[in-house]
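Student: Could we go through this model together? I would like to discuss its aromatic residues and its surface.
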Amino acid sequence: MMQIINKLKPILTIGDKESDNDDVKRQHGFLIYMGLLMSMGGAVWGTLCILNDIYLAAVVPYTYILITFFNFLFLYKTKNFVFSQRVQILISLLLPFFFQFLLGGFVASGGNVLWSVIAVFGSFTLRAKGASLVWFILFSLLMIFSGLIDDYAKVFDIGLSEGYIVFFFVLNFIAVIAIIFSLYYYFVSSEEDARNELNYSLEQLKKAQEQIVASEKMASLGSLVSGVAHEINTPLGVGLTGVSQITHEIKKIESNYKSEALTEEALLGSVSVIKQLAETIRDRLDNAASLVKSFKSISIDQHYEDKREFMLKKYIADLITSLQSPIKSKKVKVINNLDENLLLESYPGIYSQIISNLILNSILHGFEENTENQIEIESKRIDGKLILNYRDNGKGITDEIESKIFDP
């Protein structure tokens with residue numbers, strides 16, 4: 001059946017516009033498919049009537065086919081689906097009734113008015129419960145009305161044999177049930193295709209999200225590496241300079257000693273210089289070691305999500321240290337007001353990722369040059385929950401962007 005539906009696709013899409021979403025396109029296809037199926041049934045009934053010389057009644061099914069053709073042509077030209085929808089449902093409801101009447105009533109026609117039930121299925125394309133209920137009520141009233149005037153229809157009864165009447169009953173029931181099943185199959189298949197497409201889109205979105213998260217982690221780590229490299233260069237440069245100066249002072253002492261020109265005052269002076277240089281080198285190397293230690297702790301946490309205990313304030317302080325390069329570039333003052341006694345058993349890498357992203361975004365997007373830029377991070381505990389407050393005094397965002405900050 002899907003092969004037939006696929007072959008009919010060029011016809012089922014005649015009412016589609018580029019701006020229509022998939023749900024609207026399915027409504028179009030459902031209505032057109034219903035019209036085509038009932039037109040096929042009408043062609044069979046019209047032919048049977050002509051073969052049995054029932055020419056007046058034969059006008060009705062052929063009229064249905066003709067109206068359907070012009071209705072769908074109108075839909076193709078104007079894309080006015082609402083008008084075509086109502087016309088198609090209306091003729092699907094009324095014409096079976098007239099056809100039954102001209103065949104001599106319910107019995108003589110084999111219950112032909114049952115075809116009107118297909119109009120109720122067509123009302124599903126309205127995508128409104130109230131509207132479908134109205135069409136169902138109209139169908140019920142039509143069935144009652146057809147029963148009330150059934151005696152008046154008997155004047156058109158040409159007295160077909162009981163075999164013909166039974167044949168008509170069987171034909172009507174099988175045809176109506178087959179059309180309803182076909183419409184249901186089309187509806188279910190369309191919905192299933194839509195679900196499959198949605199699931200595929202969600203999978204692609206999830207993959208894209210994972211890639212974005214991975215790229216953000218790498219970008220954040222890259223920023224850490226760049227910042228640490230920049231910060232380490234300074235103390236190492238001072239250390240190398242100090243070592244060169246110490247080497248120079250030692251050579252000067254050796255030279256004076258060999259030439260027997262080394263005085264106590266000169267020796268004490270050189271020792272004093274060497275001592276100061278050594279202290280400076282030690283301080284700078286301590287800074288570098290502290291920075292490397294902070295970087296090591298943060299970078300490992302961003303790659304390995306092991307749960308462990310850590311002091312949040314110290315951990316965030318290490319993170320801030322590792323971000324000194326971008327922080328200094330905008331002259332940002334980061335105030336760490338976290339609770340000193342706050343011991344967490346959690347995943348530190350998550351905190352690192354969030355806080356580092358917030359800080360870098362503030363620096364990149366929020367702060368201007370030559371302004372007093374400030375970031376404040378604080379914590380509080382309420383009812384057993386940890387609340388972290390992060391704020392900066394940056395320039396903010398426009399109202400247009402603010403309404404879209406949670407868009408994917």
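Student: In which helix do Phe 169 and Phe 173 both lie, and how many residues apart are they?
Tutor: This is a predicted model. In it, Phe 169 and Phe 173 both lie in helix H10, 4 residues apart, which is about one turn of the helix.

Student: Are Phe 169 and Phe 173 buried or partly exposed?
Tutor: Phe 169 is partly exposed because its relative accessibility is 22%, and buried would require under 20%. Phe 173 also counts as partly exposed, with a relative accessible area of 41%.

Student: What about Phe 181 and Tyr 185: what kind of aromatic pair do they form?
Tutor: Phe 181 and Tyr 185 form a tilted pair, with 6.3 Å centre to centre and 35° between the planes. Both residues lie in helix H10, 4 residues apart.

Student: How many aromatic pairs does the count come to?
Tutor: The count comes to 13 aromatic pairs. One of them is formed by Phe 169 and Phe 173, which are stacked at 6.3 Å centre to centre with 15° between the planes.

Student: Which residues do ring pairs link into a cluster?
Tutor: The cluster consists of Trp 45, Phe 99, Phe 167 and Phe 168, linked by ring pairs.

Student: Changing topic to charge: which residues form the negative surface patch?
Tutor: Asp 22, Glu 192, Asp 193 and Glu 197 form this patch. Helix H10, residues 162-258, contributes the largest share, 3 residues.

Student: Where is Asp 22, then?
Tutor: Asp 22 is in helix H3, which covers residues 22-51. Asp 22 counts as partly exposed because its relative accessibility is 43%.

Student: Which residues make up the nonpolar patch on the surface?
Tutor: Leu 133, Val 134, Phe 136, Ile 137, Leu 138, Leu 141, Ile 144 and Leu 148 form the nonpolar patch, and together they have about 770 Å² of accessible area.

Student: Where is Leu 138 found, and how exposed is this residue?
Tutor: Leu 138 is found in helix H8, residues 129-148. With a relative accessible area of 37%, Leu 138 is partly exposed.

Methods
Residues numbered from 1 in each chain as written. Predicted model: local features only at pLDDT ≥ 70, side-chain atom pairs only at ≥ 80, totals over all residues. Heavy atoms only, no water. Patch = residues over 30% accessible without salt bridge, like charges linked within 9 Å, V, L, I, M, F, W, Y side chains within 5 Å. Areas by Shrake-Rupley, 256 points an atom, 1.4 Å probe, with all protein chains shown as cover. Salt bridge = Lys/Arg side-chain N within 4 Å of Asp/Glu carboxyl O. Lys, Arg positive; Asp, Glu negative; His and termini not counted. Charge placed at Lys NZ, Arg CZ, Asp CG, Glu CD. Helix = DSSP H or I, 4+ residues; strand = E, 2+ residues; numbered from the N terminus. Buried < 20%, exposed > 50% of the residue type's maximum accessible area, 1.4 Å probe, protein only. Phe/Tyr/Trp six-rings, centres within 6.5 Å; stacked < 30°, edge-to-face > 60°.
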